[in-house]
Amino acid sequence: MEIRAYEAQDEARIAAIWHRAGLDEYDYLPAFQALTPEQAGAVFAEVIVPDAQLAVAWIEDQPAGFIALRGSYVDRLYVDPQRQRRGCGSRLLDWARQQSPQSLELHTHQQNSRARAFYEKHGFKAVAFGMSPAPERVPDVEYHWRPADDDADNTIE
């Protein structure tokens, strides 16, 4: 597996990963379920790519997942459903920690138990519970990772 910088020429394939992974996980988000591949590609290009530092996990010359980082904020981390549980997400998170070694923050949906377990396994601590912005408007959780947190238990109840 190789992690390398996102290249615009791969946009359609990376957007397709985002779409497939979202369809696989977000059965509780009707608006996402209704996205066509073309609409997902447009959202990817117009919302996710601008102002983000993206990295892509490649396995055998095929993109397997990506991460979008905005400073220390993990804006997106998605792995193709057929490539999950093979270390792609962990490697992408390692890349993000290299880019922002002092801290990382992110939000995920409270219902996304797979993502929550993944982040908690990697040392992220839940620091706040709230509501995601429109159009989703579902309960979310804010996570933080700090190197010092690896030895401390500072989760909230």
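Predicted model: local features only at pLDDT ≥ 70, side-chain atom pairs only at ≥ 80, totals over all residues.

Student: Which elements does the protein have, and in what order do they run?

Tutor: There are 5 helices and 7 strands. Starting at the N terminus, the order is β-α-α-α-β-β-β-α-β-α-β-β. The radius of gyration is 15 Å, close to the 15 Å that the globule rule gives for 157 residues, so the protein is as compact as a globular protein of that length.

Student: Is aspartate 10 buried or exposed?

Tutor: Buried means under 20% relative accessible area. Aspartate 10 has 7%, so it counts as buried. It sits in the loop between strand E1 (2-5) and H1. Setting aside neighbours within four places in sequence, aspartate 10 is in contact with Arg4 and Trp58. Across the protein, 45% of the 157 residues count as buried.

Student: How is empty space found?

Tutor: A probe the size of a water molecule is rolled over the atoms, and this shows where empty space is left. Here the largest pocket holds about 1,300 Å³ of space. It is lined by 46 residues, and those closest to its centre are Tyr26, Leu77, Tyr78, Asn112 and Ala115.

Student: Which element gives the largest share of that lining, and what kinds of residue make up the lining?

Tutor: E4 gives the largest share, with 7 residues. Elements that each supply at least two residues include helix H1 (11-25), strand E4 (73-79) and helix H5 (113-121). By kind, the lining residues are 24 nonpolar, 11 polar and 11 charged.

Methods. Residues numbered from 1 in each chain as written. Heavy atoms only, no water. 1 Å grid on protein atoms, 1.4 Å probe; cavity = no way out; pocket = protein on both sides within 12 Å on 5 of 7 lines; lining within 4 Å. Points joined across faces, edges and corners; volume = space filled by probe spheres on them. Helix = DSSP H or I, 4+ residues; strand = E, 2+ residues; numbered from the N terminus. Nonpolar A, V, L, I, M, F, W, Y, C, P; charged D, E, K, R; others polar. Buried < 20%, exposed > 50% of the residue type's maximum accessible area, 1.4 Å probe, protein only. Contact = heavy atoms within 4.5 Å. Rg over C-alpha atoms; globule rule 2.2 N^0.38 Å.
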